[in-house]
Amino acid sequence: MLHNDLVSIALYIGFIIGIALPILLLKFRFDVPFEILRKLLHLMITMQIFPLIKLFSTWHMAVLAAFTLVILAYPLLSLVEDTPFYKRVAVERRNGEFKRSLVIVQVSVSLLIFIYWGLLGDEWKYIAVVAVMAWGFGDAAAALVGKAFG
């Protein structure tokens, strides 16, 4: 099982890169509006719950994968956040927003997985999916309504 979970961590990281990279390249290549890219990134983060729930055999390996993303991405973001390329493609409202959001989101998702899969058991893990979907799609809908109606 451990070997499969290690492969699953690599697949999870690949999933994040495979979804995030095209979104960032849209900004670089086609200059897509800021708010559209922000919502696409929010939806990408929302979708990360599926590989975390489906790829891993235990809740603690899913949480480990979520924190592995933080361990890999946080230092990388720190290294590149002052580069001209990053400033061009980043869809941040404030400096360091990606890093802060990365930690907050991964802790939140990990906490949901811990509660609904770790504490309550395998049959409850999909409640974490529902919670993340409500949060992600609710955020996107609230932004659209807020922009349209003030």
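In the predicted model, the residues of helix 6 that are buried are Glu-97, Phe-98, Lys-99, Leu-102, Val-105, Gln-106, Val-109, Ser-110, Leu-112, Ile-113 and Trp-117. The end C-alpha atoms of helix 6 are 31 Å apart, which agrees with the 33 Å that its 23 residues should span at 1.5 Å a residue. Just after helix 6, Gly-121 adopts a positive phi of about 110 degrees.

Ser-110 belongs to helix 6. Its relative accessibility is 4%, under the 20% limit, and Ser-110 is therefore counted as buried. A polar atom of the Ser-110 side chain lies 2.7 Å from the backbone oxygen of Gln-106. Not counting residues up to four places away in sequence, Ser-110 touches Val-63, Ala-66 and Phe-67. The residues Ser-110 and Val-130 are 20 residues apart along the chain, and their C-alpha atoms are separated by 14 Å.

Two of the residues touched by Ser-110, Val-63 and Ala-66, are among the buried residues of helix 4. The buried set of helix 4 also includes Met-61, Ala-62, Ala-65, Thr-68, Leu-69, Val-70, Ala-73 and Leu-77.

Thr-58 is placed in the loop between helix 3 (49–54) and helix 4. With a relative accessible area of 22%, Thr-58 is partly exposed, because the value falls between the limits of 20% and 50%. Not counting residues up to four places away in sequence, the residues touched by Thr-58 are Asp-5 and Trp-117; Trp-117 is itself one of the buried residues of helix 6.

Pro-51 lies in helix 3 and is buried, with a relative accessible area of 8%. Leaving aside neighbours within four places in sequence, Pro-51 is in contact with Tyr-12, Phe-15 and Phe-56. A C-alpha separation of 8.6 Å is found between Pro-51 and Ala-62, which are 11 residues apart along the chain. Between Pro-33 and Pro-51, 18 residues apart along the chain, the C-alpha separation is 29 Å. Pro-33 is found in the loop between helix 1 and helix 2 and counts as partly exposed, at 49% relative accessibility.

Helix 2 has 14 residues and reaches 20 Å from its first C-alpha to its last, close to the 20 Å expected at 1.5 Å a residue. Its buried residues are Leu-37, Arg-38, Lys-39, Leu-41, Met-44 and Thr-46.

The largest pocket holds about 1200 Å³ of space. It is lined by 42 residues, of which Leu-41, Met-44, Ile-45, Leu-77 and Phe-98 are the closest to its centre. Two or more lining residues come from each of helix 1 (2–30), helix 2 (34–47), helix 4 (59–80), helix 5 (84–89), helix 6 (97–119) and helix 7 (125–149). By residue class, the lining of the largest pocket comprises 27 nonpolar, 6 polar and 9 charged residues. Among the residues closest to the pocket centre, Leu-41 and Met-44 are buried in helix 2, Leu-77 is buried in helix 4, and Phe-98 is buried in helix 6.

Conventions. Residues numbered from 1 in each chain as written. Predicted model: local features only at pLDDT ≥ 70, side-chain atom pairs only at ≥ 80, totals over all residues. Heavy atoms only, no water. 1 Å grid on protein atoms, 1.4 Å probe; cavity = no way out; pocket = protein on both sides within 12 Å on 5 of 7 lines; lining within 4 Å. Points joined across faces, edges and corners; volume = space filled by probe spheres on them. Helix = DSSP H or I, 4+ residues; strand = E, 2+ residues; numbered from the N terminus. Nonpolar A, V, L, I, M, F, W, Y, C, P; charged D, E, K, R; others polar. Buried < 20%, exposed > 50% of the residue type's maximum accessible area, 1.4 Å probe, protein only. Contact = heavy atoms within 4.5 Å. Polar contact = N/O pair within 3.5 Å; in protein donor to acceptor, adjacent residues only side chain to side chain. Expected span 1.5 Å × (residues − 1).
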